[in-house]
Amino acid sequence: MTNANKAMSMADLLRPDNFNFDMVQILDAEGKVVNPELMPDLSDEELVQMMEDMVWERTLHERSTALNRQGRLGFYAPTFGQEASQIGSISALTKEDFILPGYRDVPQLIKHGLPLHKAFLWSRGHVEGNNYPEDLNALPPQIIIGAQYVQTIGVALGMKMRKKQTVAVTWTGDGGSSQGDFYEGINFTGAYKAPAIFFIQNNGWAISTPRDLQTAAPTLAQKAVAAGIPGIVVDGMDILAVYAITKAAREYAVAGNGPVLIETLCYRFGPHTLSGDDPKRYQPEGVQDEWRAKDPLIRFRKYLESKNLWSQEKEDQVIERTKEEIKEAIKMADTTPKQKISDFLKNMYETPDFVTQEQISKFEAKENK
Amino acid sequence: MAQKTMIEAITEALAIELRNDKETLIFGEDVGLNGGVFRATQGLQAEFGEDRVFNTPLAESGIGGMAIGLALQGFRPIPEIQFFGFVFEVFDSVAAQAARTRYRMGGSRNLPITFRAPFGGGVHTPELHADNLEGLIAQNPGIKVVIPSGPYDAKGLLLSSIRDNDPVFFLEHMKLYRSFREEVPEKEYTIPLGKANIVKEGTDVSIITYGAMVREALKAAETLAKEGISVEILDLRTVQPLDIEAIVATTEKTGRVVMVQEAQRQGGVGAKVMAEITERAVLSLEAPIGLVAAPDTVFPFGQAEHDWLPNAHDIEEKVREIHAF
């Protein structure tokens, strides 16, 4: 990890010719404010909300892992450790902003308005999980790494053409920054000066491949230079820093300056997915412990406690509330009607062609037996 | 009515739709001020402005992703892929993303995108410009593939493609761009997608084909008529979805079918048409279904195109064989 950047102002960080990629931090691992200049303007309620959301995400992670082990959830990519990176970024957006998440970015989707039971249905592999309300400005989690980056081009350009005061926001991982679509996404959006924020959540590992094997570039944020847009490295375990940078990037983009690339340095305390990956096979011993000390919840908890805004009791309440919410959502997922192949066929085209219609009739006959 | 080339008919359709629907957008490599490498978008930027017709950076994948994003913002994108051989660069956006969106989002979103791309042999293009890759797109559920065989069809089919609320891949054969003129009405008209067209009625053998091979089939039919063989020619016009009713009807009418495509034998949509006929109309067949297709090699070096591409003589030979079976 590079040295914390204390010297630069937000305006300087957001210059396309800023070639300083030191890590920006506001809260250190002890919960001390180390960069008051960049401190975002947040009310006590907003600060508490962010902590509640991080605790919610961690509880969701713990329950999702357990539910997956019980066979009550399917595909699940752990988020444990990335709470500051994910909640910090989504908290700085508005509901009118459009988000294009990767497969690990389900928490942002839920915070953006995706009902929790739909997130669970997505995990299980049920179409209802992706049947989005009209006012949910988002796409389902993207499985093809990098595709969300090129799709962001069009969403952002569309917003610019419609003169909306909004941004398109997308996330990928450190491995994803090696994809062609990663570069095309930031480059097109830069060329069109379209309002977008591109996140690289650098958690050090793309399954078993360490970040150093992705590129010889010392930071991933500096890849922004290739597109001529600002790139910023931020402490992804520090929610205040992620929030502050995202908020500033949003203002910069909405003002017509074009996109920003943000690299959040974070860590996943756990496997790549729950589909059989075991980090013990490839991660050196001790790395986990090193990162545990940087846990985003620990430092933000300390910070809020120092302001008398947080207590164990409060935290327990959030955990209990979240567990209840999860229970309800799982129940809703359980009672969602089984999928029908005839419905799949009906969702292929606005008007089914002859052969599709034949198949609809055939499956409907079977399903109605 | 005026005599127009296919490229003129395409430009006209694009202009009509830019005028009709303010959500339509045309973009791609050099489609703006330059008017496209084949002049398909000639004059459109001047008439409709840089916000409606504009150039992109040189990256097909970015173009495809951009089309998807713009469609999600309520636009009706008409991106151009400069040559169809470059589709491999944008295959994810076309097949894994655009084609699947209505399905994967349970019908809650749709992407009304019309991808345009020139393709086809006979004009001595460099490598990977002319390849017949329609079979690759056609096998992905969720996207339609349209291939006009001349100016009149091109205009009506392109208008329908743009207005379709699902993604369409509209393939324009380079040899057909300017090789002949045809009556094309000035006014707007549409030709339904998924509907084939009998371009010549006949009684002895049906030729089912599409694209540039329609002209070759017409040539062959003239020769064959002199030999007393009456050929019916069905131009598929849309190769996905297929017009099953028309395919079955012509099969039942003549009892003998020759499928003709420019693509390699292992590519195209010929095998699929043949399979549909065997499942649906085998008892009407008096002979096996013939297939005229290119050899199963990579698309030929320019100088070998003449020997490689299927032509009227190949069609005549196959029709005689099937007729005499």
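Residues are numbered from 1 along each chain as its sequence is written, while chains are lettered from A and ligands numbered from 1 in the order in which they are written. Because the model is predicted, local features need pLDDT of at least 70 and side-chain atom pairs count only at pLDDT 80 or more, whereas totals for chains, interfaces and linings use all residues; side-chain values use heavy atoms, with hydrogens and water left out.

Chain A comes first. It has 13 helices and nine strands, where helices (H or I, at least four residues) and strands (E, at least two) are DSSP runs numbered from the N terminus. The radius of gyration of chain A is 21 Å, close to the 21 Å given by the globule rule for 369 residues, so chain A is as compact as a globular protein of that length. Here the radius is taken over C-alpha atoms, and the rule is 2.2 Å times the number of residues to the power 0.38. Along the principal axes, the C-alpha atoms of chain A fill a box of roughly 70 × 50 × 40 Å. Of its 369 residues, 60% are buried (buried means under 20% relative accessible area, exposed over 50%, and partly exposed in between, with a 1.4 Å probe and protein chains only). Among the contacts (heavy atoms within 4.5 Å) in chain A with a separation of 6 or more, 74% join residues 24 or more positions apart.

Chain B, in turn, has 12 helices and 14 strands. The C-alpha trace of chain B spans about 60 × 40 × 40 Å along its principal axes, and 66% of the 325 residues are buried. Of the contacts in chain B between residues at least 6 apart in sequence, 82% join residues at least 24 apart.

Between the chains, helix α6 of chain A (residues 147-161) packs on helix α3 of chain B (residues 60-72) at an angle of about 50°, with the axes 6 Å apart. That makes α6(A) oblique to α3(B): angles under 35 degrees count as roughly parallel, over 145 as roughly antiparallel, 65 to 115 as roughly perpendicular and the rest as oblique. Axes are lines fitted to C-alpha atoms, for helices over the stretch in contact, and angles run from 0 to 180 degrees between N-to-C directions. Residues of α6(A) including Val150(A), Ile153(A) and Leu157(A) meet residues of α3(B), among them Gly62(B), Met66(B) and Leu70(B). Within chain A, helix α3 (residues 83-91) and helix α8 (residues 239-257) pack at about 35°, with their axes 8 Å apart. Ala84(A) and Ile87(A) are among the residues of α3(A) that meet α8(A), whose side of the contact includes Val242(A) and Tyr243(A).

Finally, two residues of chain B. Ser161(B) lies in helix α7 (residues 151-163) and is buried, with a relative accessible area of 0%. Leaving out residues up to four places away in sequence, Ser161(B) touches Thr114(B), Val146(B), Val168(B), Phe170(B) and Leu193(B). Pro300(B) sits in the loop between β14 (290-294) and α11 (305-308), and at 12% relative accessibility Pro300(B) counts as buried. Aside from neighbours within four places in sequence, Pro300(B) is in contact with Glu305(B) and Trp308(B).
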